[in-house]
Amino acid sequence: MAAAAVESVVVVHNVAKRHNVGTLARSATAFGVAEVVVVGRRDVSAFGSHGATSHLRFRHFSSLALARAYLKASKQAISDERGCDICGVEITDDAQPVTAHPFHRSAAFLFGNEGTGLSQKECEICDFFVYIPQYGGGTASLNVTVAASIVLHHFAVWAGFPERGREGNKFIVADRPQGHSRGLYCTDSIEAVIEERKMQKENACDILEENGSSHPQESNGLDLMFTD
């Protein structure tokens, strides 16, 4: 069993099929994910989530560099930031089987594009990699939402997350959090918005290199909406 107070985070970047994000959100709520970090494009879809997005916190960053800075920063250093190991879910030479539970603390999981897997830039921000062992010869890989469900379940088991109560043949769904309207991205405080902009300035060189632009992008996460 893991140490107390570990969390899991899902990082969404470069997902080819936008409706997969809604399905992924449903799995994220089922397996105790604390937050979904969306990088780059904002027009992700809640289709397939069955209301799960109302029980998740979403945070947007314009670049992988900003997302990494947020995920890696120590909670003791800046209370609004996390301090996670970034785990790439990909079949690489040094990837470990997820069944071995090679986790040490809170983890942010980055899943590959459905067709091409993780890009070089995505791999560069990862601390380690896991893969899902397969035992049949009929397919080369799994759908990203299926892979996410398997990996997040394994992390929840390792972390010792308490199992949700059941009622009949279903798990009990929590009440929708107060003040959380469907479709709204993360409801960051003004302080969090200021902190993100501060991070953008500090990482300006990385952002320019990644975006190929002379003007850093900004997002406060307050006016972003899911598309249906």
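A residue counts as buried when its relative accessible area is under 20%, as exposed when that area is over 50%, and as partly exposed in between, with a 1.4 Å probe and protein chains only. By this rule E35, at 0% relative accessibility, counts as buried, and 45% of the 228 residues of the protein do so as well. The model is predicted, so local features need pLDDT of at least 70 and side-chain atom pairs count only at pLDDT 80 or more, while totals for chains, interfaces and linings use all residues. Residues are numbered from 1 along each chain as its sequence is written, and side-chain values use heavy atoms, with hydrogens and water left out.

**The sheet and its helices**

- The protein has 6 helices and 9 strands, which are DSSP runs numbered from the N terminus (helices are H or I with at least four residues, strands are E with at least two).
- Seven strands make an open sheet in the order β3-β2-β1-β6-β4-β7-β5, with parallel pairing, where two strands pair if DSSP finds at least two bridges between them.
- Because β3 (57–61) and β5 (96–97) stand at the edges with a single partner strand each, one side of each is left without a neighbour in the sheet.
- Strand β4 (residues 85–89) runs parallel to strand β6 (residues 107–111) and is joined to it by 5 bridges, and I86 has A108 as its bridge partner in β6.
- Helix α2 (residues 64–72) packs on the sheet and touches β1 (8–12), β2 (35–39), β3, β4 and β6, where contact means heavy atoms within 4.5 Å.
- The direction of helix α2 makes about 155 degrees with that of β2, the axes being lines fitted to C-alpha atoms (for helices over the stretch in contact) and the angles running from 0 to 180 degrees between N-to-C directions.
- Helix α4 (residues 144–159) also packs on the sheet, where it touches β1, β4 and β6, and its direction makes about 160 degrees with that of β6.

**Salt bridges**

- Side chains of opposite charge can pair when their charged atoms come close.
- With a salt bridge taken as a side-chain nitrogen of Lys or Arg within 4 Å of a carboxyl oxygen of Asp or Glu, the count comes to 6.
- One of these joins the side chains of E35 and R57, with 3.3 Å from N to O; E35 lies in strand β2 and R57 in strand β3, so the pair ties together parts that are 22 residues apart in sequence.
- R57 counts as partly exposed, at 28% relative accessibility.
- E35 also forms a salt bridge with R59, where the closest N and O atoms are 3.0 Å apart; this pair links E35 in strand β2 to R59 in strand β3, 24 residues apart, and both E35 and R59 are buried.
- E163 and R166 form a salt bridge in which the closest N and O atoms are 3.8 Å apart, and both of these residues are exposed.
- A network of salt bridges links K72, D85, R105 and D127.

**The surroundings of R164**

- R164 is found in the loop between α4 and β8 (166–167), and it is partly exposed, with a relative accessible area of 44%.
- Leaving aside residues up to four places away in sequence, R164 touches F171, I172, V173 and A174.
- The C-alpha atoms of R164 and G32 are separated by 9.5 Å, although these residues are 132 residues apart along the chain.
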